[in-house]
Amino acid sequence: MSKAMLYDSTLCIGCRACESACSEKWGLPYDDRIAAEERLSAHKLTTVKTHGERFSRRLCMHCAEPGCVSVCPVGALQKTAAGPVVYDADKCIGCRYCLLACPFGTPSYEWNSTQPRVRKCDFCADRQRAGKPTACSEACPTQATISGERDAMLAEAKRRMAEKPGEYYPRIYGLEEVGGTSVFFLSAVPFEQLGLNTQLPDEPLPGLTWAAQSKIPSVASAGAVLLSGVYWITHRREEVRKQEGGEKS
Amino acid sequence: MSTLARRRSAFWTVVFGILAVAGIYGVVLRFTQGLGSSTNLSDKFPWGLWIGFDVMCGVGLAAGGFMMVATVHIFNLKRYKPVLRPAILTAFLGYLLVIAALLLDLGRPERIWHALIMWNPHSVMFEVAWCVMLYTAVLALEFVPAVFEKLGGEAPLRWLRAITVPLVILGVILSTLHQASIGSLYLIVPHKLHPLWYTPLLPVMFFLSAGCVGLAMTIFESWHSSRAFGKQLEVSLLNGLGRALAVLLSVYLALRFTDLAQRHELARILEPGIEAYFFALETALLLLPAVFLFLPSIRRRPGALYACAFMAILGFVTNRLNVSVTGMEAGSGTHYIPKWTEVAVTLGIIAAGFAIFRLAVKRLPIFEPVET
Ligand code: SF4
Ligand code: SF4
């Protein structure tokens, strides 16, 4: 079964324990200055954003059909069956198409390195494989972030919404966006007030490219036939003309 | 050489020298400090001038090559032969520009070969990589006859002539796919690219507009070389190219506006804002030459024809920069203005292209009559 995460903004107290646990897991520096940077970057793979008195986490959404995976020319990004979208730095050529294509603005690049890598959350693929929760959900003191089986996460989200109907905006963010993700958001207010993009299409993005890309073989073969045909006709005409000219003279 | 001519050539030498120094500085900065210090790119705006101009326009410049090759070799319109070799040379240089820019822009250029063995056919970038490699090889083969004619070498020439037809067909198909797929690169960002440019027809739009700029470049460079080397082209030939450009531009613009209307986005051209202004600029630069070139009196005057072709080229460049920069800014939630080093490197590569073109034209039988 595939893994998922539930982030419940109504329970988040903005303590940033998730940020700190993530940095530790990746061996990245973490201090007050970095804690204050409320944006994803090559040295901060998850962050807690402040929106008035509410909080909203950011991390890779681990899309069901990720744009980043579909655009990577060398397959450095892969969607694993267990859910995590993982990155292989040894394959990456650094085209940064994944940064362009991600609908959630997730991946970051090591702009100041001469041997740069893409950096992004990998859903603690190793921990999840070992049956453990992600580092951030283990660190969360309020159950605002929890992780586990996808079905269990969805059931828990619905249970929380049913229990306190007045406290939740009646939708789960991540269920439909770009074909669904592995990170679900709950909120007291409409999601755009947490800075989330609510304009995303429901269909997975890779399909938009594939609609054109899949026509390549037929365009190529039709083109070859057509061009050979034109070539034959125009040159045959010339030959005929030459012969006729020759007979006349 | 007259004093004036000597002064002019000294002036250009100085300009090229400055561009070369600035460009080399940018390249050194890129490879010693990384992309962060040499560009204004960011996580929010990961593709800038090097992709939007050098790669996307460089590929477009090359379109003249496949169009002229198809005209002469496949459609058998032999009177266009005099512009065939210059067009192939431009295409070849355009592709070298693209490769140079890619090597600068990729974070790990030494791994460019990864695309050969690590496949992802779902990725447009994967297809672009393959088309660049294969088509550069085809162009090289289409271009070497000029070299062999100069150096002598009957056997390779005969061998090359034998494979001309399949080579030509392969080249035309590869570049069709490639021109189109540069547009397909942006199909994945409906949420970022402004609706004045985002359309499922992006690949078709890019293919048609590349066709326009291919013709425009062919006119542009033949006029340029005729001035520089005193080799005048036939008026009837230029006239034909001009008419073809007018028709193709009209087809492109008609499709562009039909598409906007069908997507119910036409009203956006009146929404004040940077997008609408740049759309207006792009459209004007393509529409004016389309209208003027339908007038025979314009087409008969080389100067006017040249001006129209140049406008169309500017319109094409504006379109590519609109897709890659103007139309992407709002959706990316940021502004991007290239850093001076990005501009310097770009100008440096263009200057190198011009210099190689002139050198090749001087030393090789490019503008000379050729027999098959
Ligand atoms: S959120 Fe972005 S980086 Fe993460 S899987 Fe989706 S497309 Fe990829
Ligand atoms: S930057 Fe690396 S991981 Fe991202 S699309 Fe390019 S090759 Fe793939």
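**Notes on the predicted model**

1. Ligand 1 is surrounded by 14 residues, of which A:Cys60, A:Met61, A:Cys63, A:Cys68 and A:Cys102 are the closest; a residue is counted as near when one of its heavy atoms lies within 4 Å of the molecule. By class, this shell holds ten nonpolar, three polar and one charged residues. Here Ala, Val, Leu, Ile, Met, Phe, Trp, Tyr, Cys and Pro are nonpolar, Asp, Glu, Lys and Arg are charged, and the others, Gly among them, are polar.

2. On conventions, this is a predicted model in which local features need pLDDT of at least 70 and side-chain atom pairs count only at pLDDT 80 or more, while totals for chains, interfaces and linings use all residues. Residues are numbered from 1 along each chain as its sequence is written, chains are lettered from A and ligands numbered from 1 in the order in which they are written, and side-chain values use heavy atoms, with hydrogens and water left out.

3. Around ligand 2 there are 13 residues, and A:Cys72, A:Cys92, A:Cys95, A:Arg96 and A:Cys98 come nearest. This shell divides into eleven nonpolar residues, one polar and one charged.

4. A salt bridge requires a side-chain nitrogen of Lys or Arg within 4 Å of a carboxyl oxygen of Asp or Glu. Between chain B and chain A the count is two salt bridges.

5. How many residues does each chain bring to the contact? Chain B gives 51 and chain A gives 53, contact meaning heavy atoms within 4.5 Å. The two chains bury about 4400 Å² between them, 62% of it on carbon and sulfur atoms; buried area is the accessible area (1.4 Å probe) lost by two parts on being put together, summed over both. Within chain B, the residues losing the most area to chain A are B:Asp43, B:Arg108 and B:Ile188, together 16% of what that side buries.

6. In chain A, strand E2 (residues 47-51) and strand E3 (residues 54-58) pair in the antiparallel sense over five bridges. Strands are DSSP runs (E, at least two residues), numbered from the N terminus, and two of them pair if DSSP finds at least two bridges between them. A:Val48 stands opposite A:Arg57 in E3(A). The two strands form a hairpin with two residues between them, and A:Gly52 in the turn has a positive phi of about 65°.

Conventions. Helices (H or I, at least four residues) and strands (E, at least two) are DSSP runs, numbered from the N terminus.
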